[in-house]
Amino acid sequence: FYWSLVVCSFIQSEQWREIVNKKIHFPPELIAAIQESNMAMVENLLYGGEGIIHQLDDSEDRLWREALNLSIRLGSEETMAALLQGVKFDFRQIHEALLVAVDTNQPQVVKLLLDRLDQEKGNKMDVRSFSTAIFDHSIDASQFAPGVTPLTLACQEDLYEIVALLTQRGHVISPPHAISCSCLECRNARQYDLLKFSLSRINTYRGIASRAYLSITSEDAILRAFHLSSDLRKLSKKEPEFKPQYLALEQLCQEYAVELLGMCRNQNEVSTVLNCGEETNDEELDEQMFEEGIPNLALIRLAITYNQKQFVTHPICQQVLSSIWCGSLSGWRGSKTSWKLLVSFGIFVSMPLLCLVYWIAPKSRIGRTLKIPVIKFLLHSASYTWFLIILLAESIFMEIYRNDIASRTQHILHNSLHMIWVVGFFWFECKEVWIEGLRTYLLDWWNILDMLVLSMYLASFTLRILIVLKGHFLCQDPSATDLCDYFTSTARENWRQEDPQLIAEILFAVTSMLSFTRLAYILPAHESLGTLQISMGKMIVDMMRFLFILMIIGTAFLCGINNIYVPYVTSPYLGRLNETFNFLFWTMFGVSKQDYVDMPDYVLAEFVGTALYGIFTLVISIVLLNMLIAMITNSFQKIENDADVEWKFARSKLYLSYFREGLTMPVPFNIIPSPKTLLHVLRSVFRRNSPEQPPGTSMAGSTLNQSEGQGEGRVPYRLQVIKALVQRYIEAARREFEETQNNDVGCRITELNKVVGRLDTEMKKVYEKLQRRSMTSRPELEGSALLSKYITEAMNTFHSFDKKQASGGQGAGLQILMHHKEEKEERKVEKAQKGGGAVSE
């Protein structure tokens, strides 16, 4: 008996192994059964009475995938469950099915497939292994691009519910490596298939930059959008072949940050969001709150650094900036231009008196008024206007006393009044570097221009001092009589080309010109002038690019024409490099004469030289100059099309530059130490020399503890506000998605197909019952009435949709489809009646 049991168990185990390893072939009728939602046929084709899970044949992999994907697209969860229970699908097949479920927005199906993946892989499932699809040839027939994961696809379509479900299951989107990365994974991907590698990077960034992924996975969604926008802008320059895609994603990040800001409902939320930036701790929050009560606006400063123009020019940000700019002068924004000009002229005239009052009593009413940003702006503008007036006065003085200025007899103090302002500007720039930091300071091109101008002013004045000191010391040395005469009494005609005074005069002339161009910095305060100033800046950039092309072409013709005339000495204007350069340079402006290229004695050389000169004139005067005009016109048109955003962005940068504390006193009065400055210095000295006290007993310690207590509440509160904004944004996106889905013709047709499919299945069950029971004509009529009832119910469900779309082509298409379905159902009823009559007979 024992051995018989062993033999039976062995036979059963062999049979069981054979059954388990048996591969099922794809039945051709399965697709039709799935389309008709015929569960009985599907179960019969899959199980075949065995009730076990079968292995798939590798040659029929695509057919089984299409069957599973079709059941998911039709929304038949029962059919999908039957396929998963009857067939052994591997990891990649379920992965593609998961993509289809995400693409059709079926969260319940996604959950079922994730559970199946957990069963296949267990708790050690590596969700990042989806990226290995880039090395797989078996999914090339798939409709999804390489590197697309379920989470990436859900993020691209902004399916918030599915994204939340996937992230809760541990799915993440790993940021791609740098484009220049040389790790083993990147090298293998490039060598295997460069196109798949590039498409995988693009699809990954599409998922990372999506609104759904930023909303659900980011702790601070606005800051994350800023950083990602900056990274995408850099990638568009590093990968120019995908520049449009990266710029589109960068624009998407900017729009997302703007939409989040628009979710603020009160001023408290706006202040909380805008006054905290990246890596802002409690102490920095206290330090960045100024004495005037001006907040730090760290997020706006960060947005300007990352060139987030849409965020900065949002009405909320502009309202905050304008309210701070005017301060307590609430009537300034609505006042007339004539009144503003009158106030500006009054500040210009009374600037020394106002500075004296602020120097004596900075806490007085007038002192507090001078701290208002708009008044501070007018005060500094008045100071710079006085500086330009002094430069003009010195130029007139140089013309009147031309003989003294042109000789060595000029005094060191002659033509040096402007140096008082230069010293004040230098001290102002030093304080600005101390407040903002060197890196932030150098990001502004105006600051670089200020450094250049001040350096040239100081160099010019230093050279003049050097001439005076050198002449004084050389005259005391009896052996240096010639040098003493040269630096004290030599006429200008006998000076060397590198004479220090000549260099000082040239530097002063250039800096005077640049000082007047610096006045363009304040133009963004006015809308029309600010737009012109921005357009001028863009035109200068275009001219720099144009000059590079002009230099290449000009150098080519310079070498060619000069080499033709070098062997001949008959031409006084050509044959020498500097003379040829002057000739070609002035030709561009129509100054040179054509007979300069004539050489009657040498016909061939004259012909070639004239031809080259004619081609040069044609290329420069017609082609290049018209190209420059087109470039300038294009830049101006771009600024004009987006003039409001460009002007508000430039004005915001101007506003923020006057929100700092400690730069109220204008030049040159800022070089005079104020009593407030002396008090701060003495206080710091006494604190350094006094013994340290416990923080709990000192006044400063109690203040610090209070600030720390407030700081602990600030940062979490800001995160709570950001989370609330994100939640509102998600809810608004869901409502918009539902409205769009309800109005979408395709979605309505899909729902209608599902309803008709369910009706067809139910009617087939009714017919089977009728045939089994051999019912008479009365049940046939009841079955027909039942079918009519279901069809009428389906039509009533979509009655509102028919009314909305009755006049459009889409509604007509739906009516045709419904009419086709009705005809099909009527034919089925007629067949059923005939079949029932035959049974009754």
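A residue is called buried when its relative accessible area is under 20%, exposed when over 50%, and partly exposed in between (1.4 Å probe, protein chains only). The model on display is predicted: local features need pLDDT of at least 70, side-chain atom pairs count only at pLDDT 80 or more, and totals for chains, interfaces and linings use all residues. Residues are numbered from 1 along each chain as its sequence is written, and side-chain values use heavy atoms, with hydrogens and water left out.

Begin with the whole protein. Of its 841 residues, 40% are buried. Its secondary structure consists of 39 helices and two strands, which are DSSP runs numbered from the N terminus (helices: H or I, at least four residues; strands: E, at least two).

Next, select residues 351–360, which form helix 21. Which residues of helix 21 are buried? They are Met 351, Leu 354, Cys 355 and Tyr 358. These four lie on the same side of helix 21 because they cover an arc of only 100 degrees around the axis, the arc being that of the directions from the helix axis to the C-beta atoms. Leu 353 and Ile 360, on the other side of helix 21, are exposed. An α-helix has 3.6 residues a turn, so residues three or four places apart point the same way.

Then select residues 418–436, helix 25, and find Val 423 within it. Val 423 counts as partly exposed because its relative accessibility is 42%.
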